[in-house]
Amino acid sequence: MKNTPINYEVVTRKIQESGLESVGKASIREVKKLINTIEEETGDKFVRMEMGIPGLPAVQIGVEAEIEALKSGVAAIYPDIQGVPQLKNEISRFCKLFLNVDVNPDGCIPTVGSMQGGFAAFMTVNRMDPEKNTTLFLDPGFPVHKQQHRVLGIKYESFDVYNYRGDKLKEKLESYLSKGNISSMIYSNPNNPSWICFTEKELKIIGELANKYNVVVMEDLAYFGMDFRQDISTPGEPPYQPTVAHYTDNYILFISSSKAFSYAGQRIGMMVISDGLFNRKAEGLKRFYNSDRFGYAMIFGTVYCLSSGTAQSPQYAIAAILKAANDGKYNFVEAVKSYGEKAAVMKKLFTENGFNIVYDMDEDNPIADGFYFTVSYPGFTGEELLNELIYYGISAISLAITGSERLEGIRACVSLVKVEQFGDLEYRLQQFHQHHTVDNQ
Ligand SMILES: Cc1ncc(COP(=O)(O)O)c(C=O)c1O
């Protein structure tokens, strides 16, 4: 019987009862369920860092606009598949004011979360040219995107960018793109799980190679504005959110409302298709759609089939939030800065107790403090670490499920951890450190 912060016997029994072979190998939802049962029996609260869900209330401007929209009767009416005009216009303005990118409202399409935007894009882009049928993941990445590929039966290739930062990225990317089978590249920036952010040099490399090899770049901006090292919050003024759109006209951006506007529950995101891609004709599309025009096929083929558009009232919510941000009346970056502040303290607590940050640099700069960070402990694989940390009341997920080659690492998400829990976190990490002295490994 070991003396761990959470009752050793209860944790061991609950793991056995869960039937999980290893906590470290479990999916995010399985970890969540297991910890709920341990919390219930012991009455001890875990420092929960496994799920990437917003920890803040939804932006009120959106909630009010949505209520108004419902009162006005929109619930009875099918939405236009391409989105309500005022939302499309505000998305286009948002792109100009916060990304410094010109995009026609036609290519600004609401989707049922960014999740659906990804699904729709993978499906449509990989049908443009029968030769180009494979997506390239710039990993580590969001595991569900790979699951979407498996469900769709679309091929993908991937590599971990950790060892290919800066100039090295060019040669590595060309080794894939020159084969001719790659239709598109996908990455998130800031990155889930590692919180690395591509530098301007790297974005330029990606954009220029997309032009050279006629490959679509899918840039997932789920954490828009949340690289707090630079404040992008003033509309129409630099600095802007870094984007590959400054280097290529062959892009699709996914802008999620879930984290930036804490609007995850209403399942609404934005897919932004560049004017060039929106209007492009691709012979391969004719096999599946009535039109060979990409934008048309996307809206009236793919999005129509998936959900016939996006629920009306959340569209009015996001239109109102974006309008307030675009008009300089709502600072959406300020509203989520607390994530970065928490990360700074939590990373310090980990590193003071023998842990290392796994993905720690953007070329020459230390990575930002934000929604996620990655840690390891000497002598442990990520899986072993999670199996052990659960006895210390700390939960996270293994990097192994994200396409990372850094199998020693785990991902910690700061959003659900309350400042009042920092004392518990510190004590538990100290206990862990004492019980696992690095010399004994
Ligand atoms: C990188 C990334 N992309 C997409 C999503 C999903 O966003 P949405 O809630 O808009 O579907 C997430 C959510 O965690 C994410 O981390």
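Helices here are DSSP runs (H or I) of at least four residues and strands are DSSP runs (E) of at least two, both numbered from the N terminus. With that in hand, welcome to this predicted model.

**View 1. A cis peptide bond at P193.** The peptide bond that joins N192 to P193 is cis, with an omega of about 20 degrees. For background, most peptide bonds are trans.

View 2. Now move to the loop between strand 6 (216-220) and strand 7 (251-256), which holds P239. Here P238 is linked to P239 by a cis peptide bond whose omega is near 0 degrees.

**View 3. Two residues with a positive phi.** Most residues other than glycine have a negative phi. S262 is not a glycine, yet its phi is positive, at about 50 degrees. Look for S262 in the loop between strand 7 and strand 8 (269-273). E363 is not a glycine either, and its phi is also positive, at about 50 degrees. This residue sits in the loop between strand 10 (361-362) and strand 11 (365-366). Which of the two is buried and which is exposed? S262 has 20 other C-beta atoms within 10 Å, so it is buried. E363 has 12 C-beta neighbours inside 10 Å and therefore counts as exposed.

View 4. Follow the strands in the order 9-12-15-14; they make up an open sheet with antiparallel pairing. Strand 9 (356-357) and strand 14 (397-398) are at the edges and have a single partner strand each, so one side of each is left without a neighbour in the sheet. Strand 12 (residues 372-376) and strand 15 (residues 410-413) run antiparallel and are joined by 4 bridges. To find your way along this pair, look for F373, which stands opposite A412 in strand 15.

**View 5. Where two domains touch.** According to the domain assignment, the protein has domain 1 (8-56 + 336-440) and domain 2 (60-326). Their C-alpha centres are 30 Å apart. How many residues of domain 1 are in contact with domain 2? There are 27, and they meet 28 residues of domain 2. On the domain 1 side, helix 12 (332-352) and strand 12 each supply at least two residues. Helix 12 gives the largest share of that side, 4 residues. By class, this side of domain 1 has 13 nonpolar, 7 polar and 7 charged residues.

**View 6. Helix 11 and the glycine that follows.** Helix 11 (residues 312-326) has 15 residues and reaches 21 Å from its first C-alpha to its last. That span is close to the 21 Å expected at 1.5 Å a residue. Is helix 11 mostly covered or mostly uncovered? Mostly covered: 13 of its 15 residues are buried. After helix 11 comes G328, whose phi is positive, near 75 degrees.

Methods
Residues are numbered from 1 along each chain as its sequence is written. This is a predicted model: local features need pLDDT of at least 70, side-chain atom pairs count only at pLDDT 80 or more; totals for chains, interfaces and linings use all residues. Two strands pair if DSSP finds at least two bridges between them. Domain bounds come from an automatic or database domain assignment. Two residues are in contact if their C-beta atoms, placed from the backbone, lie within 7 Å. Ala, Val, Leu, Ile, Met, Phe, Trp, Tyr, Cys and Pro count as nonpolar, Asp, Glu, Lys and Arg as charged, and the others, Gly among them, as polar. The expected span of a helix is 1.5 Å times one less than its number of residues.
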